[in-house]
Amino acid sequence: MPDELATRTIRVIAKTQHLPPESITIEQSFAELKFDSLDGMNILFAIENEFDISIPDDQAAQIKSVREMVEGIEKLVAAKQAAVQG
Amino acid sequence: MTRRVAVTGIGVIAAPGSTRAAFWESLRNGRSAIRPMTLVPEGALRFPNAAEVPDFRASDYMDDKEADLLDRFAQFALIAAREAVAGSALRITPELKARTAIVTGTSSGGITSEDREFHSLYAEGSTRIHPLSIARTMGNAGASRIAREYGIVGPSYTVSTACASASHAIGQAFWMVRNGVVDAAIAGGSEAPFSLGFLKAWEAMRIVAPDTCRPFSRDRKGLILGEGAAMLVMEPLEHAQARGAKIWGEIAGFGMSSDAFHLTQPLAEGAVRAMRSALEDAAAGPEVIGYINAHGTGTLANDATESQAIREVFGAHAEKLQVSSTKSMHGHALGAAGALEAAATLLAVDDGLIPPTANFTEADPDCALDVVPNTARAASIEWALSNSFAFGGLNAVLVFRRGAR
C-alpha cells in the first residue's frame, strides 16, 4: 500500500511538472528536482485533488522532499479513513 | 514645463475607516481593522480573517439604480473620489474639465459581479448573463464613473499591475500634472476582492495568514486581504497656493522597475532599482528620507527581500529610517493598496506622526529595521517613500514631501 501511494504521488508530481515519472525518485528533495515555490503550490494543489485531502499551510511549508510528501499524504489519508470508519 | 505637484484632496474608504479622517484616526492609534470575514460563508476558507469595509451599504452613498450599475470596487472608487474632490474645494470649471486627468488602479476589477453572474450560469441553470455585466466588471468602471460625476473629459484610464496598480496610477497622474499635460488629476485605486472564487485562488497560493498580518515579525504567517479605495486630487503647487487650498503634501518623485525574474517571488534588485529611480526623479538623496511606508505584506518572502532592498538603497542611513507597514491595519487591498498607503503616508507627514506596524510580536533578524512596532511615533518628517511591489515583479515607488508651512 505505501509503495502504491508513493507511485501515485510521484505520478501526480511528474504530471504537474511535465516530467517523466521515472525521472523522480522518493529519495529526492524538491531542491534537487529544482522545484521552486510556484511548483510547490502546483504540486500541493494536484495532490489535494488526487487524494481528496486538505493539507494545512503550516504542514505544507514543512514538506521539502518527495518522501516527506508521501509521508504527509499517508497520515492525512489515514486520518480521513479513520474519520469515515469512526 | 515642469512644475511641483501638490495633493489637495484625499478620499478614503477602507476597513479602518470610511472617510479620510476616520481612516487616519484608526491608523494613528495603531488599531488593526482585521476581523472575521462576513462577505463569504464562514468556514469556506482556511483563513477566517480579512479587512472588510464594515457594514458597507452602497445605498448610503448613491441611489439603488446607480448602485446597480456599479460593482463594489467601482462604488468604492466613486465614494473616495467624491470625498477627495469635495475636500480639495477645487472648482472644476469648464476649461479645467478638459485639462484634468483621471487615472485609477485596480487588480481584479469587478470580480465579485463576475463571480456571481458566472455562478448563475454554471451552477444555477441560468442561460443568460446580466446585460450590464461587461460594464460592471471592466477595470476602468471606476475611472469612467468618476469622469461622468464631474464631466471630466481629459485623459482618463486605468492601470492594472496587481498589487502596484494604484502606485503606478498615482505616479502617471503625477507626471502628467508635473509636465503640464494636464492642470489637475484625480488618481488612486480601488479593490473589492471578496468573492469566494477569488479567495479560493488566494487560499491555494498559501500566502494568506490564518490569524493576522504581522509585517516584519519573526512569526509572520502571510498577508491578510483588504478592500476599499483611496483617491488623491493633485494640482500644480503654485495653483494650490494661489487659491489658498489645504496642501496635504507634495508628490515629488515616481520610479518604476520590473524584476524580469519570477511570477511570485520578489527580487531585491528590482525593488532597489524602483526606489533609486523614484529618488532620482525627486532629485532627492537617500539621506533626506525619514519614513518609508513599506509594501510590507507580512509574507516571509516580501518582508525579508524588501528589508534587504531598503538596506541596499539607504546604506548607513537605513539605521535612521522609520519604516512601517500599514497593511497590518488596512490589510492588503491589492490594486488599492498603493493608494491607501499614499494616503497614509501623506497624512503621516502632514500630522507629524508615523503610523505603526500593528500586530508586531518579535523582531526578525532578516528584517532588521526600525519598523515602528505597534505604537505610532511623533516625528517631523520632510520626505517619505511609499513602496509597492506586485506579483509578476512590477514595482512602483512614490516620493512624498511635506507641504510648505
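In this predicted model, B:Thr264 is located in the loop that links β8 and α11 (268-281) of chain B. B:Thr264 has a relative accessible area of 16% and is therefore buried, the limit for this class being under 20%. Leaving aside residues up to four places away in sequence, B:Thr264 is in contact with A:Ser37, A:Leu38 and A:Met41 of chain A, and with B:Met205 and B:Phe391 of chain B. The model has an ipTM of 0.81 and a pTM of 0.95. For chain B, the mean pLDDT is 97, and 100% of the residues reach 70 or more.

Chain B contains an open sheet of 10 strands with mixed pairing, in the order β5-β4-β6-β7-β1-β8-β14-β13-β9-β10. The edges of this sheet are formed by β5 (156-159) and β10 (322-324) of chain B; each has a single partner strand, so one side of each lacks a neighbour in the sheet. On average, and with direction ignored, neighbouring strands of the sheet are turned by 25° against each other. Strands of a sheet pair through backbone hydrogen bonds, in either a parallel or an antiparallel arrangement. The antiparallel sense applies to β1 (residues 5-14) and β8 (residues 249-258) of chain B, which pair over 3 bridges. Within this pair, B:Glu250 in β8(B) is the bridge partner of B:Ala6.

Helices of chain B lie against the sheet. Helix α8 (residues 165-178) lies across β1, β4 (100-105), β5, β6 (184-191), β7 (228-236), β8, β13 (383-390) and β14 (394-401) of chain B, and runs at about 120° to β8(B). Helix α12 (residues 300-314) of chain B also packs on the sheet, where it touches β9 (289-293), β10 and β13 of chain B. The direction of α12 makes about 135° with that of β13(B).

The largest nonpolar core comprises 71 residues. Those with the most contacts inside this core are B:Ile10, B:Phe23, B:Ile170, B:Leu232, B:Met234 and B:Ile251. Helix α14 (residues 337-351) of chain B supplies the largest share of the core, 9 residues. Residues touched by B:Ile10 include B:Ala343, B:Leu346 and B:Leu347, as well as B:Arg20, B:Glu83, B:Ala84, B:Met231, B:Leu232 and B:Trp248, with residues up to four places away in sequence not counted. Another core, of 33 residues, lies apart from the largest one; B:Phe56, B:Ala77, B:Ala81 and B:Ala147 are among its members.

Conventions. Residues are numbered from 1 along each chain as its sequence is written. Chains are lettered from A and ligands numbered from 1 in the order in which they are written. This is a predicted model: local features need pLDDT of at least 70, side-chain atom pairs count only at pLDDT 80 or more; totals for chains, interfaces and linings use all residues. Side-chain values use heavy atoms; hydrogens and water are left out. Two strands pair if DSSP finds at least two bridges between them. Helices (H or I, at least four residues) and strands (E, at least two) are DSSP runs, numbered from the N terminus. Axes are lines fitted to C-alpha atoms, for helices over the stretch in contact, and angles run from 0 to 180 degrees between N-to-C directions. Contact means heavy atoms within 4.5 Å. Buried means under 20% relative accessible area, exposed over 50%, partly exposed in between (1.4 Å probe, protein chains only). A nonpolar core is a set of buried Ala, Val, Leu, Ile, Met, Phe, Trp, Tyr and Cys residues joined through side-chain atoms within 4.5 Å. pLDDT is the predictor's confidence in each residue, from 0 to 100.
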